[in-house]
Amino acid sequence: MKKILTLRQRIAGLFEGTGDYQRAGHMLDVALISLIMINVVAIVIESIASVAQQYYDAFLMLEIISVAIFAIEYCVRLWACVDKTKYAAIEGSNTKRRLKYLLSPLAIIDLIAILPSLLMFLFPLDLRFLRVLRLLRVFKLTRYSRAMQLLLQAFVNEGSALFAAFFIMAVVLILASCGVYLIEHDVQPDKFGSIPAAMWWAMATLTTVGYGDVVPITPLGKLFGGVITLLSMGMVAIPTGLLASSFSEQLRKRRQFFEDAVNEQVHGNTINDGSLNDEQRNHLEDLRHKLGLSKLEANKAIKAQLNERNSHLFCRNCGKRP
């Protein structure tokens with residue numbers, strides 16, 4: 001007999017987009033993604049003064065409707081999060097689970113998406129920086145992008161290493177600024193008159209941007225600038241390499257996790273003919289969706305495990321069961 005789910009459990013399943021709610025969850029995601037993209041385009045166009053004045057009412061109506069939808073989504077997600085697989089496993093009260101959800105990166109992004117507009121409605125001032133902050137709404141797409149979630153996880157996993165890399169870069173920035181200040185401040189007091197002023201050149205050089213608006217002109221200054229430029233090529237590559245390796249590792253772990261799950265289903269609960277039943281396939285499809293793997297990768301892993309299983313069920317010479 002099929003278990004009867006509560007309304008909160010059904011909504012949690014809808015937001016997770018798994019099982020019976022996979023199709024409905026996908027449609028909800030597409031609708032929200034479309035609304036986010038419409039908002040981003042509208043905010044960009046609204047920055048044109050003539051267009052904003054001509055279509056003020058339309059932009060205002062779109063903003064009110066969007067904020068209302070995003071606010072309802074935020075509240076409903078907060079209410080239903082206690083029945084999501086990730087938070088249901090947390091021991092303690094529902095309040096503890098909801099607090100855990102509130103502090104999650106995706107929940108903070110959802111709050112940022114509605115907060116600037118709510119402040120604009122509460123305060124009668126035309127705060128331009130709050131209008132620009134509405135563009136942060138684009139980060140809501142992180143919830144629907146597995147690649148962005150992998151990148152966020154890479155930042156979390158390599159947080160200490162990234163902090164160490166940026167700390168080293170900060171030290172090099174200060175040393176480069178001090179060095180070029182000592183060499184060039186007498187010759188170019190307007191550009192290298194202080195260490196903070198010299199930091200502009202050091203930042204542009206260390207990041208390999210090289211704007212060229214501030215450059216050393218003395219022979220010693222040019223030599224020093226060349227050394228800093230060569231040093232910067234390795235410095236910038238450190239955080240990039242860390243994120244790239246962590247991103248690849250996250251992908252590898254997800255693929256390995258799916259392969260282990262396939263192996264468990266195939267070798268543990270396989271029916272007599274060495275294939276998967278509908279329940280097992282639905283379970284693996286839900287897992288594939290959660291992990292953000294393509295159907296090609298999933299089918300390849302399933303086929304490999306089934307071939308391995310069937311090789312033990314049938315004789316290699318005659319093709320019959322032993």
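## The largest pocket

Helix 13 contributes six residues to the lining of the largest pocket, the most of any helix. Helices here are DSSP runs of H or I at least four residues long, and strands are E runs of at least two, all numbered from the N terminus. This is a predicted model, in which local features need pLDDT of at least 70 and side-chain atom pairs count only at pLDDT 80 or more, while totals for chains, interfaces and linings use all residues. Residues are numbered from 1 along each chain as its sequence is written, and side-chain values use heavy atoms, with hydrogens and water left out.

The largest pocket holds about 1300 Å³ of space. It has 37 lining residues, and those closest to its centre are Leu-106, Arg-143, Arg-146, Gln-149 and Lys-290. A pocket is an open set of points on a 1 Å grid over the protein atoms alone, with protein on both sides within 12 Å along at least five of seven lines, and a lining residue has an atom within 4 Å of a point. Grid points are joined across faces, edges and corners, and the volume is the space filled by probe spheres set on the points.

Which helices supply at least two residues each to this lining? They are helix 1 (7–16), helix 2 (22–46), helix 5 (85–88), helix 6 (94–102), helix 7 (105–122), helix 9 and helix 13 (278–291). By class, the lining has 14 nonpolar, 10 polar and 13 charged residues. Asp, Glu, Lys and Arg count as charged, Ala, Val, Leu, Ile, Met, Phe, Trp, Tyr, Cys and Pro as nonpolar, and the others, Gly among them, as polar. The pocket lies between domain 1 (7–144) and domain 2 (145–321), because both give residues to its lining; the domain bounds come from an automatic or database assignment.

## The overall fold

Stepping back to the chain as a whole, the secondary structure comes to 14 helices and zero strands. Of the 322 residues, 33% count as buried, meaning under 20% relative accessible area; exposed is over 50% and partly exposed is in between, with a 1.4 Å probe and protein chains only.

An unreviewed UniProt entry lists residues 30–52, 58–80, 101–123, 161–183, 195–211 and 223–245 under "transmembrane region". Such annotations may be inferred rather than shown by experiment. In the model, residues 30–52 are 91% helix and 0% strand, with their end C-alpha atoms 27 Å apart. Residues 58–80 are 100% helix and 0% strand, and there the end C-alpha atoms lie 33 Å apart.

## Salt bridges around Glu-73

The structure holds five salt bridges, each with a side-chain nitrogen of Lys or Arg within 4 Å of a carboxyl oxygen of Asp or Glu. The side chain of Glu-73 meets that of Arg-77 in a salt bridge with an N to O distance of 2.8 Å. Why are these two about one helical turn apart? Glu-73 and Arg-77 are four residues apart in helix 4 (residues 56–80), so about one turn separates them. Glu-73 counts as buried because its relative accessibility is 6%, and Arg-77 counts as buried because its value is 4%.

Glu-73 also forms a salt bridge with Lys-140, at 3.1 Å from N to O. This pair links distant parts of the chain, 67 residues apart: Glu-73 sits in helix 4, and Lys-140 in the loop between helix 8 (128–133) and helix 9 (146–157). Both Glu-73 and Lys-140 are buried. The C-alpha atoms of Glu-73 and Asp-110 are separated by 8.7 Å, although these residues are 37 apart along the chain.

Arg-252 and Glu-249 join their side chains in a salt bridge of 2.7 Å, N to O. Is this pair buried or partly exposed? Arg-252 counts as partly exposed at 43% relative accessibility, and Glu-249 is partly exposed too, with a relative accessible area of 31%. Both residues lie in helix 12 (residues 219–268), three residues apart, or about one turn of the helix. Elsewhere, salt bridges that share partners join Glu-73, Arg-77, Asp-110 and Lys-140 into one network.

## The cavity

The structure holds one cavity of 30 Å³ or more, a cavity being a set of grid points where a 1.4 Å probe fits but cannot get out. About 40 Å³ of space lies in the largest cavity. Its lining is made of Asn-39, Ala-42, Ile-43, Glu-46, Phe-59, Leu-62, Glu-63 and Arg-134.

Helix 2 gives the largest share of that lining, four residues, and helix 2 and helix 4 each supply at least two. By class, four residues of the cavity lining are nonpolar, one is polar and three are charged.
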